[in-house]
Amino acid sequence: MAERVLRVAVVGSGPSGIYAADALTGQSAVPATVDVFDRLPAPYGLVRYGVAPDHFSIRSVRGTLEKVLERPTVRFLGNVEIGRDLSLGDLQRRYDAVILTYGAARDRRLGIPGEDLPGSVAATDLVAWYCGHPEAPRAEMEDAVSSATAAVVVGVGNVAVDVVRVLAKAPEELADTDMPQHVLDLLASDSITDIHLLGRRGPAQGAFTTKELRELGELADADVLLDPADLDLDELSQAAVDGSKVLARNVEVLRDWGSRQPEGKRRRIHVRFFTRPVELKGTDRVAEVVVERTELDAEGRAQGTGELSSIPAQLVVRSVGYRGMPLEGVPFDAARNVIPSSDGRVLDGDAVVPGLYVAGWIKRGPTGIIGTNKKDAAQTVTSLLEDAEAGRLPEPTEAGDVVPLLEDRGIDVVTFDRWKAIDAAEVALGGTNGRARTTLHDRAEMLACVPD
Ligand code: NAP
């Protein structure tokens, strides 16, 4: 008798979802087929909608992910939202196992007065806008960017560095990207001259990586300015730098900036450590950011000194981390914003939920580089395969394929072949203005490219 093929649903087609599909269909001990769902018509998640458009080499991982979706044992089912078009129960009844890899799409907040004034935006939204995400709040982002002469970016992680770089780059430095044309046009015409990057702790506590940091000092149109006094390291910070090559290299880059004379470029990037925002002020929109000088306590945490000053700014971007959201019917750890799990098996209290798994940012929080998700997804798949071999997976109760069910519900499912039509339209659109690709940002426009 032929061996039964395991059927697995993966929710989310970002790197962790596709790496999970890769691990499942790249082994032969337990034959498996995988359906990878995404609520957007396009696959690749943060590779398409989060990795900075000018980071070509990181974005090129898309080629590797694409090869997985092309496998005959893998099916991409885009434009299908789990929790709306299909319930988790719909999946659990039809698949041997479900792996949740839907990431951490929401922003974390600062929790300070004035945070909701127009002009104060989340980096998650700004990044979504410049990457052409169909659900980005375009009008809000364009209003905020076009109204500003000075911007404050809060947080010193790689996302903050991405945002500063994209805002500070000259048009010709972005011309080769796949950003939507309206984004490039607005960035080319904006009036921002000063961008302040605020770290609430010191240079030895920056969350950025050296390569990303260094790029800020190499821009055609922007001088980078830094007060050398911010680079004096206390004992704790010196010990951290002595113990970490990355931190030592970061501080070296920053010291180089501290010794530079501005060249009179069109824009200035002001890097400020030991500075945290305490209030955003303005009447009908942000006009200034009140900041407080901080110092490190014995545990290396930022403590306010009470010394206040003000930075005039009309655009404030909070880039203080991403946040995972719960999915109906799935346990959630609201303190950590992740789905609780053990080796990728979803936990309800101390009990494993049979047949339900998790991988990527919604499993471990928004940390690490894309490659981190490969190992993470492989760990989850190992657990799933162990459970399959041990007979611990619940039997599906419905045999039918999910696609007719979706069609009955009026959902315009975008399979991989249909996605390739959108892909081809983006390449063709790029060709009309001398670019390799231009991202289609509008869901209706994307779906209009898809053959019936
Ligand atoms: P992140 O690395 O966690 O950085 C968050 C930053 O926000 C930290 O500097 C943190 O400072 C600061 N912060 C948090 N709460 C704050 C508050 N209330 N007030 C002021 N500052 C606050 O997050 P991320 O930049 O969103 O990046 C997410 C992940 O994606 C990271 O692993 C990152 O490396 C990765 N990523 C990688 C790349 C790349 O490889 N090129 C690009 C983008 C993102 P404290 O340390 O003081 O908390």
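Mentor: By class, four nonpolar, three polar and two charged residues make up the lining of the second largest cavity. Nonpolar here covers Ala, Val, Leu, Ile, Met, Phe, Trp, Tyr, Cys and Pro, charged covers Asp, Glu, Lys and Arg, and the others, Gly among them, are polar. This is a predicted model, in which local features need pLDDT of at least 70 and side-chain atom pairs pLDDT 80 or more, while totals for chains, interfaces and linings use all residues. Numbering starts from 1 along each chain as its sequence is written, and side-chain values use heavy atoms, without hydrogens or water.

Trainee: Which residues line the second largest cavity?

Mentor: Rolling a probe the size of a water molecule over the atoms shows where empty space is left. A cavity is a set of points on a 1 Å grid where a 1.4 Å probe fits but cannot get out, and lining residues have an atom within 4 Å of a point. Here the lining consists of Asp107, Ala123, Thr124, Val159, Arg318, Ser319, Val320, Gly321 and Tyr322. The volume, the space filled by probe spheres set on the points, is about 40 Å³.

Trainee: Which strand gives the most to the lining of the largest cavity?

Mentor: Strand β9 (residues 222–226), with three residues; a strand is a DSSP run of E, at least two residues long. The lining of the largest cavity includes Ala222, Asp223 and Val224, and also Arg260 and Lys265. Its classes are four nonpolar, two polar and four charged.

Trainee: How many salt bridges does the structure hold?

Mentor: Side chains of opposite charge can pair when their charged atoms come close. The count is 43, a salt bridge being a side-chain nitrogen of Lys or Arg within 4 Å of a carboxyl oxygen of Asp or Glu. One joins Arg318 to Asp107 at 2.9 Å, N to O. Arg318 belongs to strand β14 (residues 315–318) and Asp107 to strand β5 (residues 106–107), so the pair ties together parts 211 residues apart in sequence.

Key. 1 Å grid on protein atoms, 1.4 Å probe; cavity = no way out; pocket = protein on both sides within 12 Å on 5 of 7 lines; lining within 4 Å. Helix = DSSP H or I, 4+ residues; strand = E, 2+ residues; numbered from the N terminus.
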